[in-house]
Amino acid sequence: MLIKVITEIIMKSSRFQWNNIQKTANQVIKNEALKVINKYSDGATNYNLDISYKIMLQGKSLLSIVYSGVGYEEGAPYPNNIFVTTNINLVSGSKVNLSEI
């Protein structure tokens, strides 16, 4: 599952020296990945979602993840293209908005 893979990458990162920062960052990643899934499936029972992720930046103080893919509901005239980002402050473990970078 997407969330598990991303979380494992963060857990193995040597940038996290404090357990509470790691836990906070992992929770942010999990919440953001679930937001993507929930936003695009929106309770539809016949919705297919194919999302992958890419670590775009892993610096000393910032981690940037891009989620992209396609979602399709059975009977819909066309699929939805999905592109969402998550940025995490590696010092505090908190989410960073693009306007703060």
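Biologist: Before we start, what are the ground rules here?

Modeller: This is a predicted model, where local features need pLDDT of at least 70, side-chain atom pairs count only at pLDDT 80 or more, and totals for chains, interfaces and linings use all residues. Residues are numbered from 1 along each chain as its sequence is written, and side-chain values use heavy atoms, with hydrogens and water left out.

Biologist: Happy with that. What makes up the secondary structure of the protein?

Modeller: Two helices and four strands, in the pattern α-α-β-β-β-β along the sequence. Helices (H or I, at least four residues) and strands (E, at least two) are DSSP runs, numbered from the N terminus.

Biologist: Why is Glu32 called buried?

Modeller: Buried means under 20% relative accessible area, exposed over 50%, and partly exposed in between (1.4 Å probe, protein chains only). Glu32 has 9% relative accessibility, so Glu32 counts as buried. Glu32 lies in helix 2, whose buried residues also include Ile29, Ala33 and Val36. Across the protein, buried residues make up 35% of the 101 residues.

Biologist: Which residues does Glu32 touch, and which polar contacts does its side chain make?

Modeller: Contact means heavy atoms within 4.5 Å. Not counting residues up to four places away in sequence, Glu32 touches Tyr67, Thr86 and Lys95. A polar contact is a pair of N or O atoms within 3.5 Å; within protein, one must be able to donate a hydrogen and the other to accept it, and residues adjacent in sequence count only if both atoms are side-chain atoms. The side chain of Glu32 meets that of Lys35 at 3.1 Å and that of Lys95 at 3.3 Å, so both pairs qualify under the 3.5 Å limit.

Biologist: What makes strand 1 and strand 2 a pair?

Modeller: Two strands pair if DSSP finds at least two bridges between them. Strand 1 (residues 47-58) and strand 2 (residues 62-73) run antiparallel and are joined by 11 bridges, so they pass that test. Ser52 stands opposite Ser68, and the two strands form a hairpin with three residues between them.

Biologist: Which strands are the edges of the sheet, and why?

Modeller: The open sheet of four strands has the order 1-2-3-4, with antiparallel pairing. Strand 1 and strand 4 (95-96) are the edge strands: each pairs on one side only. Helix 2 packs on this sheet, touching strand 1, strand 2, strand 3 and strand 4, and its direction makes about 165° with that of strand 3. Axes are lines fitted to C-alpha atoms, for helices over the stretch in contact, and angles run from 0 to 180 degrees between N-to-C directions.

Biologist: Lastly, is Asn89 buried, partly exposed or exposed, and why?

Modeller: Asn89, in strand 3 (residues 80-89), has a relative accessible area of 23%, so Asn89 is called partly exposed. A polar atom of the Asn89 side chain lies 2.6 Å from the backbone nitrogen of Val91, and the side chain also reaches the backbone nitrogen of Ser92 at 3.1 Å. Leaving aside neighbours within four places in sequence, Asn89 is in contact with Ser61, Leu62, Ser94 and Val96.
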